[in-house]
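These are my notebook entries on a structure I looked through. I record what I looked up and what I found.

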Amino acid sequence: MSICYIDGVWRPTAQCTLPVTDLVIQRGVGVFDSLRIYRRKALAITAHMKRLEGSAVSAGIMIDGKDIIKDMTRIVREGALRDDCPDEGDCIAKVYITGGDSIDHGYFTNPRYFVIFEGGTKILPEEYKKGVALQPTSERRPYPLVKSINYLFGLMQGAGLDDVLECLYCPDGLVMETLRSSFFICRDGKIITAPIGSVLGGVTRSIVLELAREAGFTVEERCPRVEELALADEAFLTSSWKEVMPVVRVGETVIADGGSGPVAAHLQKLYRENIDKWLDK
Ligand SMILES: *Cc1c(COP(=O)(O)O)cnc(C)c1O
């Protein structure tokens, strides 16, 4: 069962509500972050909370002087240890800050916040083996450094397509990131991924790049051109929940031979083996 902390109390998520006056409902004003909890310990909690803070500040949601980030950090840790934490604390914590009810010269002065803990569907080894397909779109994700709650325009890009996980943003012929994940190609022994600023600073992205560099891989932080997808030896995406997931097709373009590749498998293994280093103590 999913649990949620809102207005100072823990409840089953199904019993939690927001006023219809909140600007998150009326205007889509809200930011969030998503943390993986392993064995009741949050992964890279400081990095996630810093990113959440940055998202809120960039969006004009006024959290300064309100100790919201500090309180949310406490809530994540507390929730992970609760008896009713989903899947015995092997789950996801989603931390939200909404615009609240008031706007003052473009600033949202009275935000609300809440945290949801939910169990995700565990990814099986055969799913990592099979990989996923993406749908390219020439749309651009606005304000890439802000993790906004508004996924509508990205979701529309993948609507109605079979066997497609989500869209891959490729504005102006450059490959950026997917709807919810960082994206990488491997070519001639190098790992190539868009630089932060063009894309969100994925927390999994930074851990995987650190592990890859330690393992001797050369990393190029630049946006691959769309034409390079057809030339790639493999491709993969990273996110807190998916970890390192092979990408075997982008639209009509089959990546290499259409199967998962050795680099993604190696990085996924390294990620799992080293995860303790990034877990809450
Ligand atoms: C959440 C998200 C990611 C992945 O971030 P992680 O910190 O690795 O989970 C990447 N890109 C976008 C657009 C996202 O929303």
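**Entry 1: the second largest pocket**

How many nonpolar, polar and charged residues does the lining of the second largest pocket have? I found 12 nonpolar, seven polar and three charged residues in that lining. I note here that the model is a predicted one.

I then looked up the volume, and the second largest pocket holds about 530 Å³ of space. Of its 22 lining residues, Pro142, Tyr143, Val146, Ser148 and Asn150 are the closest to the centre. Strand S3 (30–38) and helix H5 (152–157) each give at least two residues to this lining. The largest share, four residues, comes from H5.

**Entry 2: the largest pocket**

I turned to the largest pocket, which contains about 700 Å³ of space. I counted 31 residues in its lining, and those that lie nearest the centre are Ser34, Lys147, Arg180, Ser239 and Trp241. By class, the lining of the largest pocket divides into 10 nonpolar, 12 polar and nine charged residues.

Which elements each supply at least two residues of this lining? I list strand S3 (30–38), helix H2 (45–58), strand S5 (91–98), helix H6 (203–214) and strand S14 (234–239). Domain 1 and domain 2 each contribute at least three residues to the lining of the largest pocket.

**Entry 3: the two domains**

I looked up how the protein is divided, and the domain assignment gives domain 1 (3–118) and domain 2 (125–278). The C-alpha centres of the two domains are 26 Å apart. Across the boundary, 21 residues of domain 1 are in contact with 19 residues of domain 2.

**Entry 4: nonpolar cores**

As background, nonpolar side chains in soluble globular proteins tend to be buried together. I therefore looked for nonpolar cores in this model.

The largest nonpolar core has 30 residues, of which Met49, Val76, Ile97 and Phe117 touch the most other members. Strand S1 (3–6), S3, H2, helix H3 (68–81), S5 and strand S8 (112–118) each provide at least two residues of this core. H3 gives the largest share of the core, with six residues. Another core, of 23 residues, lies apart from it and includes Val203, Leu211, Leu267 and Leu279.

**Entry 5: positive phi values**

As a general point, most residues other than glycine have a negative phi. I looked up two residues that depart from this.

Ala44, which is not a glycine, has a positive phi of about 50 degrees. I located Ala44 in the loop between strand S4 (41–42) and H2. Is Ala44 buried or exposed? Its relative accessible area is 12%, so Ala44 is buried, the cut-off being under 20%.

Asp163 is also a residue other than glycine with a positive phi, near 60 degrees. I found Asp163 in the loop between H5 and strand S10 (166–169). Asp163 counts as exposed because its relative accessibility is 69%, and exposed means over 50%.

**Entry 6: Thr178**

I placed Thr178 in the loop between S10 and strand S11 (182–187). At 1% relative accessibility, Thr178 counts as buried.

What is Thr178 in contact with, once neighbours within four places in sequence are left aside? I recorded Leu134, Glu166, Cys167, Leu168, Tyr169, Phe183 and Leu237.

**Entry 7: Ile103**

My last entry concerns Ile103, which I found in strand S6 (residues 103–104). Ile103 has a relative accessible area of 54%, so it is exposed. With neighbours within four places in sequence left aside, Ile103 is in contact with Leu23 and Phe108. I also looked up Ile103 against Gly259: the pair is 156 residues apart in sequence, and their C-alpha atoms are 50 Å apart in space.

Methods. Residues are numbered from 1 along each chain as its sequence is written. This is a predicted model: local features need pLDDT of at least 70, side-chain atom pairs count only at pLDDT 80 or more; totals for chains, interfaces and linings use all residues. Side-chain values use heavy atoms; hydrogens and water are left out. On a 1 Å grid over the protein atoms alone, a cavity is a set of points where a 1.4 Å probe fits but cannot get out, and a pocket is an open set with protein on both sides within 12 Å along at least five of seven lines; lining residues have an atom within 4 Å of a point. Grid points are joined across faces, edges and corners, and a volume is the space filled by probe spheres set on the points. Ala, Val, Leu, Ile, Met, Phe, Trp, Tyr, Cys and Pro count as nonpolar, Asp, Glu, Lys and Arg as charged, and the others, Gly among them, as polar. Domain bounds come from an automatic or database domain assignment. Buried means under 20% relative accessible area, exposed over 50%, partly exposed in between (1.4 Å probe, protein chains only). Contact means heavy atoms within 4.5 Å. A nonpolar core is a set of buried Ala, Val, Leu, Ile, Met, Phe, Trp, Tyr and Cys residues joined through side-chain atoms within 4.5 Å.
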